[in-house]
Amino acid sequence: MGKLDIRNLRKEFLDEDRSIVAVEDLNIDIDDGEFLIFVGPSGCGKSTTLRCIAGLESPTGGNILLNETDITNKPPTERDIAMVFQNYALYPHLTARKNIGFGLKMSTDMGADEIERRVDDVAEMMGIEEILEKKPGELSGGQQQRVALGRAIVREPEVFLMDEPLSNLDAKLRTTMRTELQNLQQDLNITTIYVTHDQTEAMTMGDRIAILNDGKLQQLGTPLECYYEPANRFVAGFIGSPSMNFFEVDYVDGALVHDTFRYDLSPKAREQLVGYEGRMTLGIRPESIETVPADEPGAISTTVSVTEPMGELTYAYVDIGDQTCTVTLSGERMVESGTTLTIDFPEDKIHLFDPDTGETVKTRSVSTATDTNVDARA
Ligand code: ATP
């Protein structure tokens, strides 16, 4: 069992005379066996939250409960929580075997034979039997990461906390380790919180994502909910790569009016906007934009400024008035800088946000989104 409840968590640091609120009124319930991702920009409070859960930082307010027991003030060693760090934090003078068994030796009364047996089991699980007698300095980054993970797993904790554990690895190894970690987490079924600022890790690895900004929770949901139904403009812009395009518009007479285009809404969409008028932010993902014939009603004429061929896809950066908009095109379509591209925003794929609060006014929904092609490329 590893059910973790974070209740009204607050952490404030005093830096000289300045107060920094790193985490503010954070509430998250994490189910037993769940894989939860914390994602957000640098400085948003991800590591501080994790360190509070591990007991490495004392919260200024709020509570942390593990299986309904309040552990807020318990020392780290009494929490049954294992943490894996970005820099692996291995002891350089100890072999991989000793590094993995170290925690068991120090914090349990387990005999040497039992420790050896458990280290061997974990080494087999991680595929690192061959390197057990080597020291960290003799190991590659990927091997060191496996040893660090092995050291966490061998303790059979209730909860794993992982702070950007793959960020020191090269891109290819990172992809392999990502899948390995997911399989491992599923096999062990240990509640895991994984901190990252990597888009792909956030979208692919976890059951749910908690998106943080400025110490505050912006949205807690499945990756697809956060992608299709962002709670606000911040989440809409943060989740998804390349990022969503935004346009400041005026909602007047059933149309979204931008400096350089007018977007007429259907009666159905207008119904959703009853009670709204005036300024709004229109959002559309690059992969939702369609290219259309120039004479299509409502088509927006743009000029391609730069293209980024990615292989299967090409990202075209097009000018709309004095704004740049990203459009995802099929990689087979050759488009050169200076070309005119006429585009359309399918109405069922547009998002609207309150320009002042950033809150979502209109969004897509996961249920309708699953019926359509996410890569609606032209
Ligand atoms: P990153 O992705 O860069 O690691 P993060 O989201 O993990 O960032 P935190 O490390 O949790 O962010 O930091 C949150 C805020 O708290 C930042 O403004 C940071 O400068 C501040 N902070 C963190 N630790 C301390 C500390 N010990 N003393 C003062 N301020 C701190």
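**View 1. The lining of the largest pocket in this predicted model draws its largest share, five residues, from helix α2.** Here a pocket is an open set of points on a 1 Å grid over the protein atoms alone, where a 1.4 Å probe fits, with protein on both sides within 12 Å along at least five of seven lines; lining residues have an atom within 4 Å of a point. At least two residues each are supplied by β6 (81-84), α2 (96-107) and α4 (141-153); helices (H or I, at least four residues) and strands (E, at least two) are DSSP runs, numbered from the N terminus.

**View 2. The largest pocket holds about 650 Å³ of space.** Of its 22 lining residues, Ile 81, Ala 82, Met 83, Gly 103 and Arg 155 are the closest to the centre.

View 3. In the side chain of Thr 48, an N or O atom lies 2.5 Å from a ligand oxygen atom.

**View 4. The shell around the ligand includes Phe 13, Lys 46 and Glu 164.** Helix α1 gives the largest share, three residues.

**Notes.** Residues are numbered from 1 along each chain as its sequence is written, and side-chain values use heavy atoms, leaving out hydrogens and water. Because the model is predicted, local features need pLDDT of at least 70 and side-chain atom pairs count only at pLDDT 80 or more, whereas totals for chains, interfaces and linings use all residues.

Methods. Near = heavy atom within 4 Å. Polar contact = N/O pair within 3.5 Å; in protein donor to acceptor, adjacent residues only side chain to side chain. Points joined across faces, edges and corners; volume = space filled by probe spheres on them.
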